[in-house]
Protein chains: 2
Amino acid sequence: MWFGYRGKIVRVNLSTKKISVEPLNKQLVKEYVGCVGAAGKILYDEVPAWAGAFDPLNLLIFTTGPVTGTMVQSAGRFSVVTKSPLTGCFGDASAGGFFGPMLKFAGYDMIIFTGVSEKPVYLYVDDENIELRDASAYWGKDARECDRMICGDIGDKRFEVACIGPAGENLVRYAAIMHDDAGRAAARCGVGAVMGYKRLKALAVRGTGKVEVADPEGLRRVMQEVLEFYNTAAIVKRLRDGGTMAGYITMISIGDSPTYNFANEQFGEFDQKRAEKIGWPGGFEKILEKNSSCYMCAIGCRRVSKAGEGKYALKEGSVEGVEYESLSMLGSDCGIDDIYAINLLNDLCNRYGLDTISTGATIAFAMECYERGILDKGDTDGLELRFGNADAAIELVHKIAKREGFGNILAEGSRRAATLIGKGAEYYAMHVKGLEIPAHDPRAFQGGGPHYACSPVGADHMEGISLFVEFSGQKFPEIGLYEDYGDRTSTEKKAFIAKTIEDWWAFLTAAGWCLLVNPRYGAENRFIRAFNAVTGENITIEDALKAGERIYNLKRAFNLKHGISREEDTLPQRLLKEPNRKSNNAVVYLDKTMPEYLKLRKWE
Amino acid sequence: MWFGYRGKIVRVNLSTKKISVEPLNKQLVKEYVGCVGAAGKILYDEVPAWAGAFDPLNLLIFTTGPVTGTMVQSAGRFSVVTKSPLTGCFGDASAGGFFGPMLKFAGYDMIIFTGVSEKPVYLYVDDENIELRDASAYWGKDARECDRMICGDIGDKRFEVACIGPAGENLVRYAAIMHDDAGRAAARCGVGAVMGYKRLKALAVRGTGKVEVADPEGLRRVMQEVLEFYNTAAIVKRLRDGGTMAGYITMISIGDSPTYNFANEQFGEFDQKRAEKIGWPGGFEKILEKNSSCYMCAIGCRRVSKAGEGKYALKEGSVEGVEYESLSMLGSDCGIDDIYAINLLNDLCNRYGLDTISTGATIAFAMECYERGILDKGDTDGLELRFGNADAAIELVHKIAKREGFGNILAEGSRRAATLIGKGAEYYAMHVKGLEIPAHDPRAFQGGGPHYACSPVGADHMEGISLFVEFSGQKFPEIGLYEDYGDRTSTEKKAFIAKTIEDWWAFLTAAGWCLLVNPRYGAENRFIRAFNAVTGENITIEDALKAGERIYNLKRAFNLKHGISREEDTLPQRLLKEPNRKSNNAVVYLDKTMPEYLKLRKWE
């Protein structure tokens with residue numbers, strides 16, 4: 001009898017078309033919890049070092065955690081795990097929405113794809129009825145069209161569809177896997193490109209089962225407390241009211257949200273007024289239709305966009321709205337302050353199936369190269385690629401997804417594009433290990449330095465961001481953060497904070513939680529009580545932190561096995577050299593924090 | 001002033017379409033000689049470990065040696081160097097014909113391709129006129145059609161064309177690069193798949209310059225001696241008369257040439273009579289039209305085939321004939337003894353642009369899986385895949401090149417196919433590091449054990465085969481092989497012989513020689529005298545062996561950098577367990593030879 005877990009995993013061999021169902025390994029989830037942890041261990045064990053990301057022996061694993069699909073609040077997550085074509089490292093991307101819970105309802109904790117299909121296919125899962133079906137009719141369609149066409153052809157809109165758009169088909173190295181009417185994305189590390197390489201256009205899943213929990217009454221009690229906290233705490237109200245956008249204007253003001261490809265004032269001042277043009281409260285409200293939520297989440301930070309009018313009008317309205325990361329990277333990081341243009345850029349990324357972070361960062365990189373004369377119109381297909389040129393950015397998104405002209409170069413991501421362009425362009429590619437840095441500048445919180453530099457997947461805000469501790473000064477004694485670490489430009493104890501949050505988040509992600517709830521459950525122990533009530537285990541916070549550390553080390557071990565050198569544990573030179581004016585002129589003091597970090601991780 | 005070398009290399013960025021010419025680095029060729037050595041160092045330095053074989057930052061280098069294109073006999077070679085999509089290791093493939101010398105005449109020692117083109121292109125080189133040209137019209141054409149169409153469209157048949165066929169376009173992992181009217185191939189390690197990934201269909205090269213040599217008179221004297229030896233020595237006469245096929249019947253009789261996927265008598269007896277049905281003298285003569293040669297080679301081991309008649313007739317006659325490796329691997333290793341069928345299989349591989357060794361080995365692997373019930377007709381698209389079924393083998397070649405049905409699995413090579421098929425198929429995949437073992441069974445000469453097992457590129461007969469020493473008992477005192485090592489089933493000193501020949505061949509290949517001349521120059525010092533006369537250097541045999549060792553170590557270092565584990569230094573279990581009846585029931589005694597080998601290489 002399984003609690004939380006469904007106890008079954010599906011293996012799909014796209015080369016031989018063979019599908020099998022096997023039991024979940026108890027020891028595996030005991031050690032690696034679930035989701036990215038358990039799937040990561042399988043990835044580590046089964047993908048050989050000599051296999052590239054575009055290889056039939058690379059695995060693509062859709063995986064859930066034990067609390068996914070239960071009554072646990074804000075835990076409807078799934079992850080996609082693979083060897084990343086963008087970084088060559090351990091790759092994972094996690095997402096909310098409704099797909100993860102549906103997979104659990106169908107009876108499975110994960111689906112492991114191996115091989116490469118000869119022709120486009122999609123996986124049909126209707127409880128125990130699992131088939132590979134022809135997807136030729138959907139190949140070339142954008143992710144939203146695909147989602148709707150598949151449901152239409154099945155004749156049952158209750159199927160949850162995860163699919164790629166043209167970007168994944170064209171092996172854009174930062175292609176995303178979209179779901180929820182192409183509204184939500186497992187976006188990072190190029191997981192969509194691996195899906196495209198495998199010629200797997202989509203998964204369509206419906207399940208009628210339920211996830212059994214060990215102690216329903218105990219779980220109800222914890223959730224009661226969580227919901228009370230949701231309904232009273234200011235920190236929850238702020239996220240509920242403003243969405244992930246709630247902090248944007250503040251983040252701009254403290255130099256956390258990057259502008260002009262992290263060059264900030266060198267190309268323009270992105271001041272309070274401009275931030276308000278696109279942020280919330282402010283210009284963002286012009287595109288806002290209403291609020292929405294993921295499965296079983298009473299916070300509801302999702303936003304729905306209007307179509308708008310004029311040249312930046314969306315194809316249609318009532319579609320997924322812009323998130324904080326997308327607004328920052330497609331907007332201010334490109335010097336763009338037109339909310340309608342950003343709304344369109346975001347919707348195009350969703351339709352094509354592109355990671356908005358890497359897309360924005362790669363366009364911002366190209367803009368800086370253009371501004372500095374490294375690129376000219378002869379290189380950019382005639383585009384006047386200046387910062388703030390929204391029309392050029394929109395044109396580039398089309399080109400990238402289709403790999404047309406200059407887009408064929410940017411489709412490789414900023415690291416490869418910089419090498420291909422040459423002439424010193426490397427300095428302006430803002431990535432770690434090939435993964436573009438998200439919208440939190442590590443000069444704004446010193447814990448971000450060792451975290452980004454050493455993160456096995458590259459620079460990703462889903463692996464642990466100490467910003468919320470360093471900015472608020474809030475203490476988290478339950479996970480060992482007893483003090484006020486609110487001096488964000490100090491390096492003291494920042495390695496320790498970074499590591500603690502990484503481990504803690506690794507556990508939360510592996511269990512199935514959305515990371516946005518981390519300071520919003522009111523008490524850290526509620527996660528543990530909920531986890532135990534669901535699974536029937538009896539773990540402590542210390543056990544959870546240890547499991548998180550194990551998972552984090554596993555990702556590192558994957559990289560070592562695959563030839564990733566320690567020299568890649570660093571940051572773009574800009575962040576080590578050019579002061580961030582809005583953050584007390586700090587640079588990242590990596591020389592101070594990294595030795596301590598490596599020691600704490602036992603990675604020296 | 002350069003002697004031997006032309007002193008220039010071309011860099012072509014397929015992403016940005018930028019072409020540049022830069023000087024050859026003197027220190028580089030001093031240390032790494034040229035060809036695969038010098039290009040290998042560039043590959044090592046410039047391709048990051050995180051880049052897969054299918055990556056814009058993987059390089060594809062066409063490279064020549066200093067003696068290529070001079071009056072040096074039997075030295076018209078070039079190599080293609082890249083990170084291999086078949087092995088994930090250092091990959092190289094070398095070839096004869098006329099392409100290498102023409103590249104030198106055009107003025108270049110090597111051409112380095114980086115990036116990925118948006119659309120199919122070919123590189124046009126007419127002396128200093130270098131252009132990337134549209135190749136859309138040639139995409140999808142077979143290699144012979146492509147070669148002829150390009151020359152026709154240029155309007156000058158004097159252009160030498162190196163190109164891929166559909167197999168390279170379809171990323172078959174053992175696709176070759178063809179040249180000389182699709183008669184010659186740089187075949188191994190999947191170099192053609194990298195070319196296909198880069199959407200580079202062809203290179204068309206014409207040059208009117210000449211290669212200056214330092215001491216023309218001295219060179220003339222050495223070549224006089226070599227030509228006299230060619231005209232008098234029995235060992236040369238035999239190769240001249242019989243081509244590479246000359247040894248086939250003997251190699252079958254001593255258990256060197258594999259039959260039935262190295263399972264030999266388990267599936268049938270490939271006796272003298274059957275060997276004579278396809279070998280020379282014998283059945284081979286039925287398809288033989290005439291002899292031919294590569295550039296500046298008075299041996300002339302090339303063969304030209306007739307079209308033949310009936311169901312195995314070629315599309316046309318007067319095309320490249322079957323070589324020893326192709327006859328063995330497409331023929332006896334698949335249990336096929338119909339010379340017309342083998343002739344067709346060979347021609348199909350040439351047209352599609354497939355490595356005949358890996359193709360034959362992969363089909364043989366599939367046949368054994370079928371015979372043993374691991375595969376059935378449901379897996380093979382209905383093909384009755386028994387050993388000896390030539391019609392099925394022919395059908396499979398079409399399917400592999402087009403990646404149709406079961407061919408889509410075999411297109412990945414035997415190692416990946418075995419993993420995808422499962423059910424113990426791995427045991428029957430006869431490869432090292434993913435590269436299929438050529439037609440020399442290491443159970444037939446114990447030096448082959450540590451050589452194949454540890455060869456950085458995988459199992460390849462071009463990296464050093466001690467068979468000719470172990471079989472003939474001939475001494476090569478000039479390179480340190482003072483004794484008669486002719487007991488081929490003994491393990492004594494075999495590690496030393498293997499290493500010596502590897503180092504020596506690494507030097508010869510890097511200089512530009514064909515390896516078939518190794519025992520056919522009459523004296524090893526003639527290579528050194530010719531090398532010095534060409535380049536103006538004053539090296540000794542010891543220097544040459546040291547340079548060879550340096551190059552061999554470089555390949556190993558590439559692998560270590562790219563995460564290739566030492567555990568891959570081994571052989572298929574079959575060769576360690578199943579005795580070879582025709583070779584005194586020997587297995588490979590790797591436990592005896594490998595420790596000594598690793599010690600000599602300082603690789604422990």
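## Polar contacts between the chains

Across the interface of chain B and chain A, 16 residue pairs are in polar contact, both residues at pLDDT 80 or more. The model is a predicted one. Two helices of chain B, α15 (407–410) and α16 (413–421), each supply at least two residues of the side that touches chain A. The largest share of that side comes from α16(B), with four residues.

What is the make-up of the side of chain B that touches chain A? Its residues divide into eleven nonpolar, 13 polar and 13 charged.

## Salt bridges

Charged side chains also meet across the interface. The count between chain B and chain A is six salt bridges. One of them joins Asp55(B) to Arg416(A). Its N to O distance is 2.6 Å.

## Extent of the interface

Contact involves 37 residues of chain B and 37 residues of chain A. Together the two chains bury about 2800 Å². Carbon and sulfur atoms carry 54% of that area.

Which residues of chain B lose the most area to chain A? They are Trp50(B), Glu118(B) and Leu420(B). Together these three make up 25% of what the chain B side buries.

## How the two copies are related

Two copies of a chain are related by a rotation about an axis and a shift along it. Here, a rotation of 180° superposes chain B on chain A, with 0.0 Å of shift along the axis. The RMSD is 0.0 Å. The two copies are therefore related as by a two-fold rotation axis.

Which C-alpha of chain B is nearest the axis? It is that of Gly563(B), 1.9 Å from the axis.

## A three-stranded sheet in chain B

Chain B also holds an open sheet of three strands. The order is β13-β14-β15, and the pairing is antiparallel. The edge strands are β13 (288–292) and β15 (319–320) of chain B. Each edge strand pairs on one side only.

Strand β14 of chain B spans residues 302–305. Antiparallel pairing links β13(B) and β14(B) over four bridges. Within β14(B), Val304(B) is the bridge partner of Lys290(B). Strands of a sheet pair through backbone hydrogen bonds, either parallel or antiparallel.

Definitions and conventions
Residues numbered from 1 in each chain as written. Chains lettered and ligands numbered in written order. Predicted model: local features only at pLDDT ≥ 70, side-chain atom pairs only at ≥ 80, totals over all residues. Heavy atoms only, no water. Contact = heavy atoms within 4.5 Å. Buried area = accessible area lost by both parts, 1.4 Å probe. Salt bridge = Lys/Arg side-chain N within 4 Å of Asp/Glu carboxyl O. Polar contact = N/O pair within 3.5 Å; in protein donor to acceptor, adjacent residues only side chain to side chain. Nonpolar A, V, L, I, M, F, W, Y, C, P; charged D, E, K, R; others polar. Least-squares fit on C-alpha atoms with pLDDT ≥ 70 in both. Pairing = 2+ DSSP bridges.
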